Amino acid sequence: MSNYPNSSPPRRIFVDKQSPKAFLALVQVSEAVRATASEAGLDRTTVELINLRVSQLNGCAYCLDVHTRAALRPGESPQRLGVLSAWRDTGLFTPSERAALALAEATTDPVNTAAQTSAYEAARQVLPEAQISAAIWVAVTINAFNRVSVMSKHPVPSPSAK
């Protein structure tokens, strides 16, 4: 049974289009974070894995579509992308990627202080401080984009539209 008897759900506002200056600022933050990650030596594959894992946790179909294509372009394997949601249960990810993914999850669920402590401890074993910071910033930024897309109900374009 629908929550909207005798009607369809209300149309969502595309908040990025409604408030373009705010969205442009978010895009500029994203560009600065991308540069920060690169300067820190956090490779593009790890950045896209963070983007995808956070988008999985937030249920953002639009961002999952965008970042799956972004990960595949430079050669990420479909196998690793397919098991990303269960990254702890496979040996397909490097220790550095695993540390970055744990940080991303802890950033996405900030009330889980035990996960934060564990993620930080693991990250300090394999990542320099600049990469820890960059991974957290990547997670913060994709979380913001996820919220824009989820609240706007951005549609995933059909394959023929891409």
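Before you start, note that the model is predicted: local features need pLDDT of at least 70, side-chain atom pairs count only at pLDDT 80 or more, and totals for chains, interfaces and linings use all residues. Residues are numbered from 1 along each chain as its sequence is written, and side-chain values use heavy atoms, leaving out hydrogens and water.

**Stop one: two helices**

Select residues 44–58, helix α3, and then residues 129–152, helix α8. Helices here are DSSP runs of H or I with at least four residues, numbered from the N terminus. The two axes come within 9 Å and cross at roughly 45°.

On α3, pick Val47, Ile50, Asn51, Val54, Ser55 and Asn58. On α8, look for residues including Ala135, Val138, Ile142 and Arg147.

**Stop two: two cysteines**

Next, select cysteine 60 and cysteine 63. Their sulfurs are 3.4 Å apart, too far for a bond. A disulfide is a pair of cysteine sulfur atoms within 2.5 Å, and a search of the whole structure finds zero of them.

Are these cysteines buried or exposed? Cysteine 60 counts as buried at 1% relative accessibility, and cysteine 63 counts as buried at 5%. Buried means under 20% relative accessible area, and exposed over 50%, with a 1.4 Å probe and protein chains only.

Methods
Axes are lines fitted to C-alpha atoms, for helices over the stretch in contact, and angles run from 0 to 180 degrees between N-to-C directions. Contact means heavy atoms within 4.5 Å.
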